Amino acid sequence: MAAVATEAHGHNDSHDHHEESFVSKYIFSQDHKMIGKQFLMTAIFMGVVAMLLSILFRVQLAWPGEGSDFVSFFLGEQWAPGGVMKEDMYLGLVTIHGTIMVFFLLTGGLSGTFSNLLIPFQIGARDMASGFLNMLSYWFFFLSSILMLVSMFVESGPAMAGWTIYPPLSALPQAVSGSGLGMTLWLFSMSVFIASSLIGSLNYIVTVLNLRTKGMSMTRLPLTIWAFFVTAILGVLSFPVLLSAALLLIMDRMAGTSFFLSDIIVGGEMLTQHGGSPLLFQHLFWFLGHPEVYIVLIPALGLSSEIISTNSRKPIFGYRAMIGSILAIAFLSFIVWAHHMFITGMNPFLGSVFVFTTLLIAIPSAVKVFNYITTLWKGSIVFTPAMLFTIGLVSSFISGGVTGIILADAALDIMVHDTYFVVAHFHVVMGLSAVFGMFAGVYHWFPRMFGKMMNTSLGYVHFWITIIGAYGVFFPMHFVGLAGAPRRYYNYSVYGDFDTETFNIIMDLNVIITYFAIFAALGQLVFLFNFFYSIFKGQVAPQNPWRSNTLEWTAPVEHIHGNWHGELPTVHRWPYDYSKPGADEDFVPQNVPLKEGEEEH
Amino acid sequence: MESKLLIIAVIILGVIAVTRLMKVYDLSSKLGNKNEAEISERHNRLNANLLLLFCASLFIGFLWLIVHFGWSGRGPAASAHGHGLDVLYNVNFAIVLFVFFLTHIFLFYFAFKYVRKPGVKAYYFTHSNKLEVIWTAVPAVVLFIIIIFGLRSWNTITDDAAPEAIRLELFSKQFDWTARYSGTDNRLGKFDYKLTTDNNELALLTTNTIDSAIQNMDYGINGIHDLEAKLNNPELVVSAKERSDMMTTLDRKGRLIRLLHQMKGRHDSKNDAYAWDDIIQKDTLYLCKGTPYELSFRSKDVIHSAYFPEFRVQMNTVPGFPTRFKFTPDITTKEYQDANKDSDFNFALLCNKICGGSHYKMKMAVVVLSPVEYKAWMKTKSLATFKDKYFAKAE
């Protein structure tokens, strides 16, 4: 076993600590624990930026045309003369908000942080298979974040074609100013991001397959690891397709090729490109784009499986069914992509096939939800902040999931496609669920990451503000969509001309939504404060604060190179022996041997 | 500027205040020997109760939204297939609501009921094949039904139009719509984007429009001759950038004109008639109640989306790739206004695919007339065909 091979490096000696310099410890670290923290810090920063952008455009949507000091403070005279943002900037904000949230916070941040932290810890490995590649993965991520941030400060503005960057809009600077340098930077940033994601994912896969400690069979892996493993496979198979789309788009923009362009006259200029297809780009984009939803979601579900079981003091219900559902979801996620394209002019028959596969994916998702709920049944629930966020995740996964049934129905999609109903749907099902999962993960594994405890009371305040704010934003948003409001509209004045009743509904709801958005955003300050304060001043964490079974809690609180003093722990049981009859305590860690006559679950 | 300073000051003071509060909290919790890993009974109970309360408020808020904003915003359907869609939609929504309420009741009730109680141990329950089979099979059956009904409507809606359906084209560009009626022969004239000139904005294909496009490419402003003259003029001072731009344009126009000449060679003048009788209409789209329409869509620059909320019609318009949608308006504007007691109401065609800065302003008014009114309106257009307008402008 490769795990044994690592052993040969001589970690048996607990006094093996060599002094590390500041640079090799905090900056160019190859230690999975530090890299996880680096991912988390970068993602939190990016998340705050993206959240701020959303508040800026929420202000515009609720009070269109009214000058605001807040908007002027951030956008300045060039982009918001008199505190009213320009139309182009509105599109830029929407685009960058989406890009950062989906890729930088929920892909890089969620997978990057927790895969790095938990894979070696929970499978009982000294570190990732390749520490160097792992470091490289973070620094590519960092570079791509910088490029994305820089793109917001160029004179012609950031990318403005929506986070889906459909050409021709994204290919033609004559069509919108952001498709100039801003779009170029977007494409370069994402190319680097994809490289980061691929390196990271390959490393995760190799580590899970090869470095599991003695006794850790695949069916004894915690569901978190299963989730990260499957997520990494999804990433490896789908991100390269986005890269190819980005490269072809770069060629269309810079080399005059016509992959995505055909018969276009823009800004009075007749282009010679002929024969390309904008739909080809959409197919390529969504071939990543849909698995991407699950790349975001599955890690969150994995984290919550662990948290919900630990805090219900009860085994996760249907462990094997949970693995099966993850695998089924992952497989199906590759054959549903064109449900984003029902009304793009794609052959309607192809549409029907995708209706079928898309609705199929609801089955494993439903199984997961039922299993979570049954795990709560007859439990002995402890409401840590992490547990509350997990309940929030299950709730938002349901609320967002059920509206998917309407969107997946091609006929009904005609009515709601590209309206706020879609925006509400995916924000709830993938945005909220993944963010809740991420918060749950941070609260739960903070002691493992920093050796300190976060403040529980502030955690409660944060949770309640967040969930009330989030539902306050996204429930009304469904009704904005049901009223027919198209997304990515700078304002809804057009409705004022022909349907004042609908106009009033949209405006009333938009004001409500913006108030809740501001409320929820302010609530995040509580989290930020708690997070950074606790890193420095938090209570020192005990060895196993949540009385949990997985291996990470058997490692010393203080971070050491190689994770465990002496020999690696040996695994004797699955990770969910909570409240097992006959056990002395209500938890039995994985490294405790079976008692005489005791049966594995 | 003052307001910016004020904002910064508030932020800084806020952070200081919270830090101080934390200090106090920390000291008091140290005195009380509080351990962050131990959740007290009081906190545990409080959160369990709050979860139940939250679930109730969620339901109440949701029902309030349904009552207040429910289905009214979109208005009743105004097309033949739209009514069926609305029914399908309501059925699906009923299923969605049922599942939402049921699972949430279980989720929050269990969370509340099974909160930790001293002396009560959790029940070791790892799996149950029976339960798992049930809740795999039940959703599968329900989804199967949803799929069948959904696909039936989808197939009918996207099916080919009847031969007698009126052909109508919607042409989109940043940031407006133009409609083209197929005229007396109910056949839309062909087009090619290279034929676009000031006098032929929709790039329709006739012998005359090909000639004038060639003429324009050769001798128009910034045409090939114009550019060559400029580039060869030693007196004209231009920057290197301008010069290279002109060379690129010249090169592009050289390629385009070759294609135009080929087109001219292939063109059969018998087809001209299809285009000449087309009627081009801006600003307002007039439709006839009860008439089936076969819409075809075209875009000049980027992707747009033709979106008629009340007709339940939506289709992207894609440059270089024609798209279509068929529908039958079945209520006139007047009738719709009366039925909903809203005399200001009008149908509209909006753009529903991000297409640039003024995306949100891209619209066309739509009026559905009774057959009698429609006939009368068409009569006013009999001398406004493409041919009439083309030659009027050419003179």
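Predicted model: local features only at pLDDT ≥ 70, side-chain atom pairs only at ≥ 80, totals over all residues.

Colleague: Okay, which domains does the assignment give for chain B?

Modeller: Chain B is assigned domain 1 (40-158), domain 2, which is made of 166-182 + 278-395, and domain 3 (192-276); such bounds come from an automatic or database domain assignment. Between the C-alpha centres of domain 1 and domain 3 of chain B there are 60 Å.

Colleague: And how many residues of chain B are in contact with chain A?

Modeller: On the chain B side 101 residues are in contact with 111 residues of chain A, where contact means that the C-beta atoms of two residues, placed from the backbone, lie within 7 Å. By class, that side of chain B has 57 nonpolar, 27 polar and 17 charged residues, with Ala, Val, Leu, Ile, Met, Phe, Trp, Tyr, Cys and Pro counted as nonpolar, Asp, Glu, Lys and Arg as charged, and the others, Gly among them, as polar.

Colleague: Switching to sheets, what is the strand order in the one that has β3 and β8 of chain B?

Modeller: That open sheet of chain B has 5 strands in the order β3-β2-β1-β5-β8, with mixed pairing. Strands here are DSSP runs (E, at least two residues), helices are DSSP runs too (H or I, at least four residues), and both are numbered from the N terminus; two strands pair if DSSP finds at least two bridges between them. The edge strands, each pairing on one side only, are β3 (279-282) and β8 of chain B.

Colleague: Which residues lie on the covered face of β8 in chain B?

Modeller: The covered face of β8 (residues 323-327) of chain B holds T323(B), F325(B) and F327(B), whereas R324(B) and K326(B) are on the uncovered face. Strand β5 (residues 293-299) of chain B runs antiparallel to β8(B) and is joined to it by 5 bridges, with Y293(B) opposite F327(B). Elsewhere in this sheet, β2(B) and β3(B) pair in the antiparallel sense over 4 bridges, and R180(B) stands opposite I280(B).

Colleague: What about the sheet with β4 at its edge, which strand is at the other edge?

Modeller: The order in that open sheet of 5 strands is β4-β10-β9-β6-β7 (chain B), again with mixed pairing, and its edge strands are β4 (284-288) and β7 (313-317) of chain B. Within it, β9 (residues 347-351) and β10 (residues 363-369) of chain B pair in the antiparallel sense over 4 bridges, and L350(B) faces K363(B) across that pair. Helix α10 (residues 371-380) of chain B lies across β4 and β10 of chain B, running at about 130 degrees to β4(B); axes are lines fitted to C-alpha atoms, for helices over the stretch in contact, and angles run from 0 to 180 degrees between N-to-C directions.

Colleague: Now helices: what do the buried residues of α2 in chain B pack against?

Modeller: They pack against α13 (385-407) and α16 (456-482) of chain A together with α3 (80-113) of chain B. The buried residues of α2(B) are N47(B), L51(B), F54(B), C55(B), L58(B) and F62(B), where buried means that 20 or more other C-beta atoms lie within 10 Å of a residue's own, exposed means 12 or fewer, partly exposed is in between, and C-beta atoms are placed from the backbone.

Colleague: Why is α13(A) said to be largely enclosed?

Modeller: Because 22 of the 23 residues of α13(A) are buried, that helix is largely enclosed by the rest of the structure.

Conventions. Residues numbered from 1 in each chain as written. Chains lettered and ligands numbered in written order.
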